[in-house]
Each structure stands twice: as structure tokens, then as C-alpha cells.
Amino acid sequence: MKAAQYSRFGGPEVLEIVDLPDPHPAPGQVRIVVRAAGISGTDWKLRQGVLNFGAGLPQTTGRDVAGVVDEVGEGVTDVAVGDRVFGVSDDGAGAAELALLTFRAVIPPSLGFVDAAALPVALETATRALDQLSVANGSTLFINGASGGIGSTAVQLAVARGARVIGAASAANQNYLSLLRAEPVTYGEGMTGRVRALAPGGVDVALDVAGNGVLPQLIDLAGGPQNVVTLADFDGAKEHGVRFSNGFADGHAFHSLAQVGELIEAGRFWIPVDKTFPLAAIADAHRVSEHGRVRGRLVLVVG
């Protein structure tokens, strides 16, 4: 099969398309013919060597995938050959023609492969963070970095739980946040004051998706570090006593894959796909992801 791989850490130029042996599913796994694969910030951080989960070189890349089941492992009963599914590549090799999945769900009927490939990691990450913050009906939540893939997901899932959501994003994304039913504020100097203008007593809980050094302000707004979770500021979390949410250490929330369909079919959840790229142009997709300012997700179209 064709797959994206890198043999050294570095910039997008280290990515290459290579031929790898076709994988086959172990018990509990399914194999899919990949139709689309999402690009996330984790992908390029791993490629740079900024993150390291213990894998050696060469490394494949890509976690979010959507496609059609063509092989099932022993004991699989939830899906069958021919089903359209989305989920997470078990070996971080989603940017390929074939992928193995343990965590998966059937794609909701109204969703295509490209839109489905934008969902899995953002959905799991946002759900995990909201659960850790005990976001529920009547909660007031502030999200720092509310317009990207994970932020957009967290906004909509929190609103679906009955929470009031205030979200920080760039000036260009204020209308977008309003469409998602968040109350928007802009980043930068004076952000705390802008949040307090909407919520004079502060907020119940705060989620940091952007990792841009504002944990002290979030602690102030939410009444203490115990009410703040960050997904992006590991060093700041240690310094300020804030929880850094990590799916490897905290347990995962992949049950969200099967649960989101009801919201999607009711028109209450969507993540826009900002741009698509062919698999051969994965380096360009990584460059765009690194540059930031992406509204929603970037997706590779594989087949």
C-alpha cells in the first residue's frame, strides 16, 4: 500500500510517500480502505520530534481516518465488510491507502468521508476534557482557542449539554463562534475583562485549547486551578497546578464516536473542513497546519 512516512525528524519536506506491506487486522480490529484522513497538530509535532510517544524511525503519520471496511478481525461484531466507518488508526498510520482501527463507529448517514475524517481525535479530546471539567446543564464554560477543530467541537458538545459557552478566538472568527452558539470574545490584552463583561462573576470552568500562555487568567476567571483543564500547555500546567489532559494517561473517550451521530443527524453538530489535499500533497497540508489560523480541520483525500 501507499503510505506517508518520514525517516528523520524535521520540516514538512521530510515526508515522503512510500510502499509498505498491507496490514491485516488482529482480533478486535478492522481494516479499512481509507477514503480520507484528517491532519492534526499532533501529526506535525510528532514529525518535528517535539512530541515523542516512544516510536522509532521511520514513522508513519495520521490518526483520523474514514473509509470502508474490507477485512475484520476475530471477534468483531459491531461492523461488517462494506460498512462506512470512521475512527482512529491504531498505529498512527492513517495517511495511507489502508488502516487498522480498534476505536471506530459507523459514519452517520448524512456525513461523507471527508467530513467524517475530520471528527475522531477532536471529538474524543473535546469529550474527555468536558467530562474532566464536569460540564453539564447550567455550567458556564470559557474556551480559550474556540475556533479550531478541537475548540469548535468542544463548543458544540458543551452547548448540547446545556452549558453556556464563552469562546476566545481571533477577530476574524467572532461570527463563526456565534454560529456555533458561543458568546465570542477576542484574544489579546484585556481578554479577561471582556469575559467578565459577559460573566461578571467569572465562569464555572475553563478549557485551554490554544496553549498561548493564559493559564493565570483562566485560573482567575474560573476561581482556581482545579476548575481549569489545558490540552496544550504542559509546562504551564505544571507551573500553575492545572490539569493537563492526556488521553494516554487519563483514559480515553472514544465512546463519543458512536454517540455523536444523533447530534449530527439533528443538525446540532458539524466541523467545517477548511481545506482538502491529495495524499501526495501531505507536506503542503502539514505546512498549513503548522501555520495555524485554520477554521475547522484539514483533510487528506486518499481514495
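This is a predicted model: local features need pLDDT of at least 70, side-chain atom pairs count only at pLDDT 80 or more; totals for chains, interfaces and linings use all residues.

A residue is called exposed when its relative accessible area is over 50%, and buried when that value is under 20%.

**First stop: two loops**

Select Ser 134, in the loop that runs between helix H3 (120-132) and S8. Its relative accessible area is 55%, so Ser 134 counts as exposed. Inspect the backbone here as well: phi of Ser 134 is positive, about 55 degrees, although the residue is not a glycine.

Next, select Arg 181, in the loop between helix H5 (174-179) and strand S10 (183-186). Arg 181 is likewise not a glycine, yet its phi is positive at about 75 degrees. Is Arg 181 buried or exposed? With a relative accessibility of 54%, Arg 181 is exposed.

**Second stop: a cis peptide bond**

Move to Leu 57 and Pro 58 and display the backbone between them. The peptide bond joining these two residues is cis, with omega at about -5 degrees. Pro 58 belongs to the loop between helix H1 (41-48) and strand S4 (59-60).

Select residues 215-222, which form helix H7, and show the side chains. Which residues of H7 are buried? They are Leu 215, Leu 218, Ile 219, Leu 221 and Ala 222.

- strand S8 (140-144) and helix H6 (191-198), both part of the cover;
- strand S11 (205-208) and strand S12 (228-230), which also contribute;
- helix H8 (234-240), a further element of the cover.

**Last stop: Ser 289**

Finally, select Ser 289, a residue of helix H11 (residues 282-291). Ser 289 has a relative accessible area of 14%, and is therefore buried. Which residues does Ser 289 touch, leaving aside those up to four places away in sequence? Its contacts of this kind are Ile 39, Ser 40, Gly 41, Trp 44 and Leu 298. Show the side chain of Trp 44 together with that of Ser 289: a polar contact of 3.0 Å joins the two.

Key: Residues are numbered from 1 along each chain as its sequence is written. Side-chain values use heavy atoms; hydrogens and water are left out. Helices (H or I, at least four residues) and strands (E, at least two) are DSSP runs, numbered from the N terminus. Buried means under 20% relative accessible area, exposed over 50%, partly exposed in between (1.4 Å probe, protein chains only). A polar contact is a pair of N or O atoms within 3.5 Å; within protein, one must be able to donate a hydrogen and the other to accept it, and residues adjacent in sequence count only if both atoms are side-chain atoms. Contact means heavy atoms within 4.5 Å.
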